[in-house]
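Colleague: Could you take me through one part of this model at close range, starting from a single residue and then turning to the helix packing? I would like the terms spelled out as you go.

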Amino acid sequence: MELVKGSLALVTGASSGIGRATCQALAKEGATVVVTCIDEAGTNETLKLLPGSGHSVYKYDVTDFKSAPELLKAIVQKYNRPPNILVNCAGIIHFHSTLEETPETFQQIIDVNLKGTFFTSQAVCKELVAAKLPGAIVNISSVVVLRGIENVIAYTASKAGVDGITKCMAKDMSQYNIRVNSILPGWIETRMTSEKPEEVSYTPETWTLLLATKRTGQPQEIAEVATFLASDRASYINGTSINVSGGY
């Protein structure tokens with residue numbers, strides 16, 4: 001039986017990596033998927049990889065906070081209902097030490113990773129409440145919030161914030177039958193991790209030494225957990241952050 005058959009799912013940051021894999025997993029499990037990102041070429045490529053029919057692509061910048069309600073209105077107009085699943089995969093990273101970080105670079109990370117996650121979620125929740133429909137939101141955080149590592153202070157702060165809003169939104173939205181959870185991925189082989197500067201000391205090899213499972217992860221391994229959390233089989237999981245890191 002398909003986990004999310006008949007669902008309408010919205011995925012942000014879906015042009016590559018975890019976002020693309022999540023679209024594929026959701027579609028495989030029966031959902032109609034709305035693929036979004038600022039990278040139009042990447043989202044169109046993701047669309048081609050999806051099994052099934054009825055999927056669509058929208059260019060969406062999560063930092064254009066006023067555009068979130070507009071995106072939802074366009075989706076409702078197309079499908080005659082709001083998405084009952086949202087997976088917030090849009091995210092960026094940069095590598096600055098405590099002494100190098102600037103207000104501008106710090107704010108950029110917060111805008112994408114934290115505020116982008118929140119205001120997209122808010123827009124989805126408003127449409128679900130208006131339609132009196134249940135839903136599930138899955139936010140992508142990071143295991144860096146558990147211990148902290150060097151040179152990613154803004155990224156770590158933003159992901160700690162994602163876990164915070166996950167818990168608060170779960171409490172706020174429970175009365176409307178909307179669940180909110182987050183996933184803490186470890187080192188996943190994506191474009192983001194491949195672009196790490198050479199001067200940053202940790203590597204996939206040194207990272208895996210810290211793990212119970214001595215390897216890095218694949219995007220689909222996060223996508224499968226996201227799909228489960230979005231499904232009715234996870235109906236009693238709410239306000240939780242799930243570590244998917246190979247034992248970090």
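Modeller: Arg20 is part of helix α1, which covers residues 17-28 (helices are DSSP runs of H or I with at least four residues, strands runs of E with at least two, numbered from the N terminus). This is a predicted model, in which local features need pLDDT of at least 70 and side-chain atom pairs count only at pLDDT 80 or more, while totals for chains, interfaces and linings use all residues. Residues are numbered from 1 along each chain as its sequence is written, and side-chain values use heavy atoms, with hydrogens and water left out.

Setting aside residues up to four places away in sequence, Arg20 touches Gly13, Ala14 and Ser15, and also Gly42, Glu45, Thr46 and Leu49 (contact means heavy atoms within 4.5 Å). Between the C-alpha atoms of Arg20 and Ile165, which are 145 residues apart along the chain, the separation is 24 Å.

Helix α4 (residues 103-131) and helix α6 (residues 153-173) have axes that come within 8 Å and cross at roughly 15° (axes are fitted to C-alpha atoms, for helices over the stretch in contact, with angles from 0 to 180 degrees between N-to-C directions). The two helices are therefore roughly parallel to each other (under 35 degrees; over 145 is roughly antiparallel, 65 to 115 roughly perpendicular, the rest oblique). By class, the contact of α4 with α6 holds 14 nonpolar residues, six polar and one charged (Ala, Val, Leu, Ile, Met, Phe, Trp, Tyr, Cys and Pro are nonpolar, Asp, Glu, Lys and Arg charged, the others, Gly among them, polar).

Helix α4 also packs with helix α3 (residues 67-79), at an angle of about 40° and with the axes 9 Å apart, so α3 is oblique to α4. In this contact Ala68, Pro69, Leu72, Lys73 and Val76 of α3 meet Phe119, Thr120, Ala123, Val124 and Glu127 of α4, a set made up of seven nonpolar, one polar and two charged residues.

As for the course of α4 itself, the helix bends by about 40° at Lys115 (the angle between axes fitted to the seven residues ending there and the seven starting there), and just after α4, Lys132 adopts a positive phi of about 55°.
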